[in-house]
Amino acid sequence: MTNHSFHFESVEELKTFLQEQVVNTKEAAEILGCTRQNIKRIVDNGKLTPIKEMEKDRLFLKADVLKRKENMKS
């Protein structure tokens, strides 16, 4: 995962960031053009790291997903 540093001036800034820059497994799969199962494999192989894991879903930084997409092209 990319080393990020964030600072928010307000809860509203944090909410906006979360809405725009955090994606769940389904959204990550759509960005990468693959299935949820492929996302699991990518995570298991250490090529993408979730920022939060829940019982039935994971959250990712959109920037990390987009970086992974770029790496898939090379």
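This is a predicted model: local features need pLDDT of at least 70, side-chain atom pairs count only at pLDDT 80 or more; totals for chains, interfaces and linings use all residues.
**A chat about a three-stranded sheet**

Visitor: Hi! What do the three strands form, and in what order?
Guide: They make an open antiparallel sheet, ordered β1-β3-β2. Strands here are DSSP runs of E with at least two residues, helices are runs of H or I with at least four, and both are numbered from the N terminus. Two strands pair if DSSP finds at least two bridges between them.

Visitor: Which are the edge strands?
Guide: β1 and β2, as each pairs on one side only. Residues are numbered from 1 along each chain as its sequence is written, and side-chain values use heavy atoms, with hydrogens and water left out.

Visitor: Okay, how many bridges join β1 to β3?
Guide: Three, linking residues 22-24 of β1 to residues 58-61 of β3. Valine 22, for instance, sits opposite leucine 61.

Visitor: And how many bridges are there between β2 and β3?
Guide: Two, with β2 covering residues 52-53. Lysine 52 has leucine 59 as its bridge partner in β3. β2 and β3 form a hairpin, with four residues between them.

Visitor: Switching to helices: which strands does α2 lie across?
Guide: α2 lies across β1 and β3, at about 95 degrees to β1. Angles run from 0 to 180 degrees between N-to-C directions, with axes fitted to C-alpha atoms, for helices over the stretch in contact.

Visitor: Which residues of α2 are buried?
Guide: Thr25, Ala28, Ala29, Ile31 and Leu32. Buried means under 20% relative accessible area, exposed over 50%, and partly exposed in between (1.4 Å probe, protein chains only).

Visitor: Why are they on the same side of α2?
Guide: Because they cover an arc of only 160 degrees around the axis, taken from the directions from the helix axis to the C-beta atoms.

Visitor: What do they pack against?
Guide: β1, α3, β3 and α4. Contact means heavy atoms within 4.5 Å.

Visitor: What comes just after α2?
Guide: Glycine 33, with a positive phi of about 70 degrees.
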